Amino acid sequence: MEVHGDRGLDIPLLQSQDSVTIDIPQDAHNKIKTLKFEIKGMECASCATSIESVLNTLDGIQSVAISAMDGQAVVKYVPGVIDGKTIKGTIEDAGFKVQGSPEQDIAVCRLKIKGMACTSCAEAVERALSAANGVKRAVVGLALEEAKVNFDPNITDPNQIIEAVEDCGFEADLISAGDDVNKVHLKLDGVHSPEDAKIVRSALELAVGVNYVEMDIEGSKVIVSYDPELTGPRSLIQCVREASVGPTSFDASLYVPPPQRETDRQKEILMYKTQFLWSCVFTIPVFVFSMILPMLDPYSHWLEYKIHNMLTIGMVLRWILCTPVQFFIGRRFYIGAYHALRRKSSNMDVLVAVGTNAAYFYSLYIVIKALVSNNFEGQDFFETSAMLISFILLGKYLEIVAKGKTSDALAKLTELAPDTACLVTLDADGNVASETEIGTQLIERNDLFKIVPGTKVPVDGIVIDGQSYVNESMITGEAEPVAKRLGDKVIGGTVNDNGCIIVKATHVGSETALSQIVQLVEAAQLARAPVQKLADQISRFFVPTVVAVAFVTWLTWFITGVAGLYPKHWIPESMDKFELALQFGISVVVVACPCALGLATPTAVMVATGKGASLGVLIKGGMALQKAHKVKAVVFDKTGTLTMGKPVVVSVRLFSQTTIEEVCDLAIATEANSEHPIAKAIAEHAKSLHNRHESSTDHFKDAKEFEVHPGAGVSGKVGEKTVLIGNKRLMKDFDVLMSREVEEYISGTENLARTCVLLAIDGKVAAAFAVTDPVKPEAGQVIRFLESMGISSIMVTGDNWGTASAIAREVGIAQVVAETDPIGKAKKIKEIQMKGLAVAMVGDGINDSPALVAADIGMAIGAGTNVAIEAADIVLIKSNLEDVVTALDLSRKTMSRIRLNYVWALGYNVLAMPLAAGLLFPFTGIRLPPWVAGACMAASSISVVCSSLLLQSYKKPLCVKYT
């Protein structure tokens, strides 16, 4: 209970009926937010009191704490009632200044966008989302048909964002919101009334760790968002059961909704398939009545039978059959064209609508003229309109089927986790006391589960009993099974080969490595490559240009025909000059294909990122792919990158009267706070020496004033002693004198390709540790292969020159930069970039993060730190250097494929449009009828998607055989 002075004593226990009440959203109590900022201009405690008084008059303020001493303010508020801007404005209105803006709360949601046909559609959605109030950033992926939106939840919400999409003419469904990261779907039993639902909802909302509850009373389902640190699905099911009252009994079971993306794709495939089949029901008879029967007796006479004046049975039949195709089956093109024109843009729907309407309404004009005239002769084009729509629907159906295959790799990743797991409990002796089979989604953190040979690991965890070999190829791409013993980590979705192991769950739900990989790949597939800008720029003027060219084509052929500039035998018997010109114009409109241009880049990026993930290479989007293909120099860190990253201490040398026990104690205390692999190796070796000398001390002192000196070592104070642990540079920085004996030991150690780490106590060198870190077996082959690709290799390390040079010689690297700090690594990369070379940096530690960011492409070793992985553009899951080659080669292959797609898409339009305009007709007599032009347009999109799908056959260029 919080007390703020005597304020609480003035509040009556019962409020009067005239009191103002605030309608707080039902889940607002679970979303109280804390705002921290600095206030300038406070001179005494009364200033702090006056600000508190002003803020407490605002609706939605839960508590206010202000320190007059340092000007810090902490305000707890309900975001559904008030926001940070209002709080800041109120303080400033009171005459004080808020230092900086209060932190803005940013949420993320993903939307499924329906109805996008080409790049201009994706751009229109992106513009509409970016213009929506509260939206900070929006990215729309055409190939995925999804949007990722960053927004301020204090200003807007997913429902309003969906409305913004619908207002610009597209349909949108929510895939996930930011607070959907950990949620569970439950099927309820025993809930038969709103009262029952209210009881269950209240019980869940009051449960510890529950963020919000969404009830579906009609479907007897509930969606619960929760904090996995505090609760889990089994606890929530138990909570529902415990809510039972009297004879009313409630129960809940896990409900797994079908994957939204796959469900939507199947619905879309079915829709286009159904529309195409229905169009065929009408189009095939139109084709028969137009193209086949007129050439067969006696059907030709029957079709030419005049009903009234010049109106024939054939005309009426074609009109009747074509109309449903034009206005009902083809309705989607009208809707798409209307919305495109309303937002002052154009897309494929506009071209289809213009082409089919021209054919249909001209044909309708022919019918009306034939009805009212007794000597008019003209040919209708109803078959052109119907066949055009049918071919485009067929093309869209085949295109969506092909596009679905571009995300096959991602779908396979999501299906790796098993449906069930064997939950076990252990007795006091560590033996299995009970076994229960449960759904994988019901596993909670710290659960124990048994994995027998041949079964999959359900979630990430640590082996606590048994040993086995686990096949991790589905996650890392590594074919050889990996040995797992006590304390080793296992990854969810991998397969246990031969032994039986007991595993303790450490990461569940969205926190598992598999889920993180899927999320990363999904984000990468939405990220737009810079090369996509070419299609974006073309799409802005493509459709208006095509319509203009089509009009000029029609006008040119019509005027030249009326003027008699071409011979009459060019005109087919069933047409006149106007009709021939109109057919050329319609063909130009429908043959042009903006869709192929829009799909050229995103489909290739989707396939490449998915394929890379299946090979153990996570590429964070099209930008990373495009930059990686230009790389001409690769900078490698040494420890953990070129070497195994598991250094071991091979010897310890004392240089003073200090005992080995004291050296060990000081080393353990000081290195305990460092994340560097060498620091960990020294600490482990010191502990083993400590135990070997039969020391009974289990508790070690803590190092005070601990400080990391990047690229040099660490320092700290243990008791009254100042301890330095690091290389020669650290010793020189602190003016520690080194005797000749120490210098000789350092030189001898470095000549053996070992790292010499010095320990100084109170300004004197007391001991030295000789540390060795074996070189990765594939390192030499990788360097040679990169050289064959025209890529130079450089090693940059904080280690000493002697060790660095010895390792560089071993792997074949000519350029070495040693004894440098993280900033020095970044500077070296800048130097290389100044020479005009694109640089990739490969590293694994926190000290590599500045260099990873500075490089054109940062590659983080998967076993490295989270900071390095966050800073990188590409993550190598299995920490294998041969994947550096894979990443660079895959990027080159992908960019080549994208260029080929553009050549195909642009080349198609450049060649097809003149052909459709009749450029070759005077010389060859070859003419492209509108329905054939429509089929060509549909085929161009399919060909681009299929071209991208060929990347699925990509094979790694380098596979190192280990002995």
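A: The model is predicted. A helix here is a DSSP run of type H or I with at least four residues, and helices are numbered from the N terminus. Ser279, for example, is found in helix α7.

Q: Is Ser279 buried or exposed?

A: The cut-off for buried is a relative accessible area under 20%. Ser279 counts as buried because its relative accessibility is 0%. Leaving aside neighbours within four places in sequence, Ser279 is in contact with Val325, Ile329, Ser390 and Leu393.

Q: What does Phe287 touch, beyond residues up to four places away in sequence?

A: Phe287 also has its place in helix α7, which spans residues 260-292. With neighbours up to four places away set aside, Phe287 touches Ile292 and Met387. Its relative accessible area is 28%, so Phe287 is partly exposed. The C-alpha atoms of Phe287 and Thr384 are separated by 8.8 Å, although these residues are 97 apart along the chain.

Q: How should I read a nonpolar core?

A: In soluble globular proteins, nonpolar side chains tend to be buried together. Here the largest nonpolar core has 150 residues, and Val634, Phe636 and Leu888 have the most contacts inside it. Helix α30 (residues 882-916) gives the largest share of this core, 13 residues. Another core lies apart from it, with 35 residues, including Leu186, Ala252, Phe449 and Val457.

Q: What does Phe636 touch?

A: Not counting residues up to four places away in sequence, the contacts of Phe636 include Leu642, Ile783, Leu786, Ile813, Val842 and Val884.

Q: How many salt bridges does the structure hold, and what may one learn from them?

A: The structure holds 16 salt bridges. One of them joins Arg234 to Asp447, with the closest N and O atoms 2.6 Å apart. This pair links distant parts of the chain, 213 residues apart: Arg234 is in helix α6, and Asp447 is in the loop between β16 and β17. Asp447 is buried, at a relative accessible area of 10%, whereas Arg234 is partly exposed at 27%.

Q: Which parts do Lys450 and Glu435 tie together?

A: The side chains of Lys450 and Glu435 meet in a salt bridge at 2.5 Å, N to O. Lys450 lies in strand β17 and Glu435 in strand β16, so the pair ties together parts 15 residues apart in sequence. Glu435 counts as partly exposed, at 44% relative accessibility.

Q: Are Asp883 and Lys956 buried or exposed?

A: Both Asp883 and Lys956 are buried. Their side chains meet in a salt bridge at 3.4 Å, N to O. Asp883 lies in helix α30 and Lys956 in the segment after α32, so the pair ties together parts 73 residues apart in sequence. Salt bridges that share partners join Glu882, Asp883 and Lys956 into one network.

Q: How does one read the pairing of strands?

A: Strands of a sheet pair through backbone hydrogen bonds, either parallel or antiparallel. In this model, three strands form an open sheet in the order β20-β19-β22, with antiparallel pairing. The strands β20 (482-484) and β22 (495-496) stand at the edges with a single partner strand each, so one side of each is left without a neighbour in the sheet. Strand β19 (residues 468-471) is joined to β20 by three bridges, and Ser468 has Lys484 in β20 as its bridge partner.

Q: Where is confidence lowest and where is it highest?

A: Confidence is lowest in helix α29, at a mean of 60, and highest in helix α9, at 93. The chain averages a pLDDT of 81, and 89% of the residues score at least 70. Over residues 1-30, pLDDT stays under 50.

Conventions:
Residues numbered from 1 in each chain as written. Predicted model: local features only at pLDDT ≥ 70, side-chain atom pairs only at ≥ 80, totals over all residues. Heavy atoms only, no water. Pairing = 2+ DSSP bridges. Helix = DSSP H or I, 4+ residues; strand = E, 2+ residues; numbered from the N terminus. Core = buried A, V, L, I, M, F, W, Y, C linked by side-chain atoms within 4.5 Å. Buried < 20%, exposed > 50% of the residue type's maximum accessible area, 1.4 Å probe, protein only. Contact = heavy atoms within 4.5 Å. Salt bridge = Lys/Arg side-chain N within 4 Å of Asp/Glu carboxyl O. pLDDT = per-residue confidence, 0-100.
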